[in-house]
Amino acid sequence: ASYTCVAKNEEGYSARSDLEVSVMELPEIAPFAFTSNPTNEGEFAQLFCVVGKGDMPITISWSLHGDDLFDDPDLSTAMLGTRTSMLTISSVKHRHNGEYTCRATNPAGTTTFTAQLSVNVPPRWTVEPTDKQFAQGSDAK
C-alpha cells in the first residue's frame, strides 16, 4: 500500500514524502514425521519439508541436533521446486539418530519444524567373551 505524508508549518512551507508499505508473511511449514519410527539400521528413511505459505524468496535448510546438515555417503537433501525440500537417508546408521529440523527463511523471518528419528541397531559385543578353563571347585574369576 502507498501512503503520502504531508507536513506544513505556520509559515506556509510544506514537505511531502511517499511511502510504500508491504506486509510480509512468515513461512509456514506443514507438519512432517518419519514414516517408520523407530527405523532399523540399514533401512531407508525420508522427510519432506513443505512450505505451504509465506512470501518468496524462501530458503530451506536442514539440521541434526542443531548442526547444519552436510551430505554424507548415506544422507542427502534436494530442493523440489521452490517450496519443498527432501531429506533422504539411503541406509540409516546409528549416527543418524536424533532430531531433524527443517528451517524455512524469507524476508519476514524464520520458521522451524522438527521430527525425531530413532534408530534400532542390532546388539554388539563391547568386549567379546573368550573361553576360560577352571579347575572344578575353584572360583571362576
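Modeller: Start with exposure: buried means under 20% relative accessible area, exposed over 50%, and partly exposed in between, with a 1.4 Å probe and protein chains only. C5 has a relative accessible area of 52%, so C5 is exposed. This is a predicted model, in which local features need pLDDT of at least 70 and side-chain atom pairs count only at pLDDT 80 or more, while totals for chains, interfaces and linings use all residues. Residues are numbered from 1 along each chain as its sequence is written, and side-chain values use heavy atoms, with hydrogens and water left out.

Colleague: Which cysteines form a disulfide?

Modeller: A disulfide is a covalent bond between the sulfur atoms of two cysteines. The rule here asks for a pair of cysteine sulfur atoms within 2.5 Å, and the count comes to 1 disulfide. C49 and C102 form it, with sulfur atoms 1.9 Å apart. The pair links distant parts of the chain, 53 residues apart: C49 lies in strand β5 (residues 45–53) and C102 in strand β10 (residues 98–106). Strands are DSSP runs (E, at least two residues), numbered from the N terminus.

Colleague: Are C49 and C102 buried or exposed? And why is the disulfide called left-handed?

Modeller: Both C49 and C102 are buried. The torsion about their S-S bond is about -75°, so the disulfide is left-handed.

Colleague: Where is P73 found?

Modeller: P73 sits in the loop between β7 (67–68) and β8 (75–79). P73 counts as exposed because its relative accessibility is 79%. V23 is in the loop between β2 (14–20) and β3 (28–29), and V23 is exposed at 76% relative accessible area.

Note on methods: Helix = DSSP H or I, 4+ residues; strand = E, 2+ residues; numbered from the N terminus.
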